[in-house]
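Subject: Handover of a structure and its findings

Dear colleague,

Please find below the structure that I am handing over to you. My notes on what was found in it follow.

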Amino acid sequence: MIWQSLFLGVTFQFILVFGAYDLKNLNIWPMPESVEYGNTSLFLSKDFHLKTNGSKYADASGILKDGFTRLLDVITSNNVIEFNSKVDDSLLLQGMNVVIHSESDELQYDIDESYTLLIHANGNQNYAEIEAATVYGALHALQTFSQLCHFNFKSRKLVVTQIPWTITDRPRFSYRGLLIDTSRHYQPLPMIKKVIDSMAYAKLNVLHWHIVDTQAFPLEIPSFPKLWDGAYSSSERYTMAAAAEIVSYAKKRGINVLAELDVPGHAVSWGVGYPELWPSKNCTEPLDVSNEFTFKLINGVLSDFSKIFTYKFVHLGGDEVDTSCWSFTPRIKKWLEKQGFNESQAYEYFVLRAQKIAVSHGYEVINWEETFNSFGSKLDRKTVVHNWLGSGVAERVVKAGLRCIVSNQDSWYLDHLDATWQQFYTNEPLTNITEPKLQKLVLGGEVCMWGEHIDGSDIEQTIWPRAAAAAERLWTRFDKLAKKPEDVMTRLMHFRCLLNQRGVAAAPLDGPGRVAPIEPGSCYVQ
């Protein structure tokens, strides 16, 4: 039941909530763990400001300050705020006070990302109150707050409605990823930053950077400077300074960068600068398992990685390896015979040796699921298996005592344009995994933006809004998730329009991935 009145150009809604909150009246994405709200509104003060009274976090690196500045930018960018009329102080939200309990701003897997957000009307000194264990939980609170702010076209001011707000929130999974592929098509640095910004809006927290592949090797590797001879052109490259900038930019938004070095397959481009990595000129993949230089080079690359990519995990690929070149090349065939290896055993040898090199540099290793399917019992026991081929893999992985990330291609591959947002929303990482101790081995999930048909012109509308559907699946507590996708359609449409207002080219929901609007009409019905 709703009553409406008009006061100073602001519509106040008194919403009677019987027991649980009414999701249909909330346009927050992803849905928080717990929400209570009321029937009052406050304008944002012209001097809306940040306080940190009672916080242990010194913000020496400026993460919180920068996050607050970005908050102001996104809530004011879509309209011109007018402050030419006087508003009583009791109707103003003066600022926010943020209390962070940890002094550290280290960003790693499984940090505490929880927060509480309170917005109450308390007279002449109204402040939003945020409390978080870490600065990264506070950043999530800022993102939630940004979705509570609206431009009122009568008053020409920003207003927060439905006060008092009491929001308690935390993520369901600690790994909530998005893969981008800069080998199939180069992505300019500003576009990668735009993707990172949009990830933060949806509370995704891992950028899986599939940097190199068969087609191109665009990253500078100081230890082996000829590797980026495999780039498409001299301008389609990333210096190590650019890579460090991506990591730093992501960290300031609470996002880890997972670097991938896919071996031994998907590596033809490596041989442009170092042809000795190829089995032969006519058979260029996988990397030469018999050549010690191959492993010396991998060691050098991972050594350089460790100076830039500080996330505890590194991805070593291991998928889609056609080992026939090893048998077709006489010298490698002779080496196989000397070692007593068949092709499958040589594949196992390569993957396990690469794992040991990564571990020596302080990394824990993620491998695509083929490694588990082929020799799962031999993998390093800290290996994280990345599922992509189909369903049921995560269940087998955790029963074997290994950790898992879910990205099954039938539901979470963004380059599959026929996969609808409904499929992204309903894909459940814990399907058939009911034991709590096994559920903990599922780190989370990742949507994958493979780049065969993606470049800077269409990456955003291919990612969004379908990635947002998966983001709620990974963030929101299971019992708070909608049982039917149509129950969240209006709310997801609202979030898609919010992305558009923030300069993100998110496509309409109505149709397959990357679809254009069908006909003229409101953003909120597309």
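**The open sheet**

Leu118 has Thr166 as its bridge partner in strand E10. The two strands concerned, E6 (residues 115–119) and E10 (residues 165–169), pair in the antiparallel sense over 5 bridges; two strands count as paired if DSSP finds at least two bridges between them. Strands (E, at least two residues) and helices (H or I, at least four) are DSSP runs, numbered from the N terminus.

Before going further, please note that this is a predicted model, in which local features need pLDDT of at least 70 and side-chain atom pairs count only at pLDDT 80 or more, while totals for chains, interfaces and linings use all residues. Residues are numbered from 1 along each chain as its sequence is written, and side-chain values use heavy atoms, with hydrogens and water left out.

E6 and E10 belong to an open sheet of 8 strands with mixed pairing, in the order E3-E10-E6-E7-E5-E4-E9-E8. E3 and strand E8 (149–152) are the edge strands, each with a single partner, so one side of each has no neighbour in the sheet. From one strand to the next, the twist averages 30 degrees. Helix H2 (residues 135–148) packs on this sheet, touching E4, E5, E6, E7, E8, E9 and E10, and its direction makes about 40 degrees with that of E6. Contact here means heavy atoms within 4.5 Å; axes are lines fitted to C-alpha atoms, for helices over the stretch in contact, and angles run from 0 to 180 degrees between N-to-C directions.

Strand E12 (residues 206–210) is mostly covered, with 5 of its 5 residues buried. Buried means under 20% relative accessible area, exposed over 50%, and partly exposed in between (1.4 Å probe, protein chains only). Val206, His208 and His210 point one way from E12, and Leu207 and Trp209 point the other way.

E12 runs parallel to strand E11 (residues 175–181), to which 5 bridges join it. Opposite His210 stands Asp181. Between E11 and E12 the chain passes through helix H3 (residues 189–201), and this β-α-β crossover is right-handed: with the strands pointing away from the viewer, the path from the first strand over the helix to the second runs clockwise.

Another 5 bridges join E12 to strand E13 (residues 256–260), and these strands also run parallel. Trp209 has Ala259 as its bridge partner in E13. The chain crosses from E12 to E13 through helix H4 (residues 240–251), in a β-α-β crossover that is right-handed.

**Salt bridges**

The structure holds 21 salt bridges, each defined as a side-chain nitrogen of Lys or Arg within 4 Å of a carboxyl oxygen of Asp or Glu. One of them joins Arg184 and Glu452 (3.7 Å, N to O). Arg184 lies in the loop between E11 and H3, and Glu452 in the loop between strand E18 (442–449) and helix H15 (459–463), so the pair ties together parts that are 268 residues apart in sequence. Arg184 counts as buried at 11% relative accessibility, whereas Glu452 is partly exposed at 35%. Both take part in a network of salt bridges that links Asp181, Arg184, Asp213 and Glu452.

Arg403 forms a salt bridge with Glu364, with the closest N and O atoms 2.7 Å apart. This pair links distant parts of the chain, Arg403 being in strand E17 (residues 403–406) and Glu364 in strand E15 (residues 364–368), 39 residues apart. Both residues are buried.

Lys378 and Glu348 also meet through their side chains in a salt bridge (3.3 Å, N to O). Lys378 counts as partly exposed, at 47% relative accessibility.

**Nonpolar cores**

The largest nonpolar core has 156 residues, of which Phe145, Trp165, Trp270, Phe305 and Phe309 touch the most other members. Such a core is a set of buried Ala, Val, Leu, Ile, Met, Phe, Trp, Tyr and Cys residues joined through side-chain atoms within 4.5 Å. Leaving aside residues up to four places away in sequence, Phe145 touches Phe48, Leu71, Leu93, Met96, Leu117, Ile119, Ala128 and Val160. A second, separate core of 10 residues includes Tyr175, Leu258, Ile366 and Leu443.

Yours sincerely
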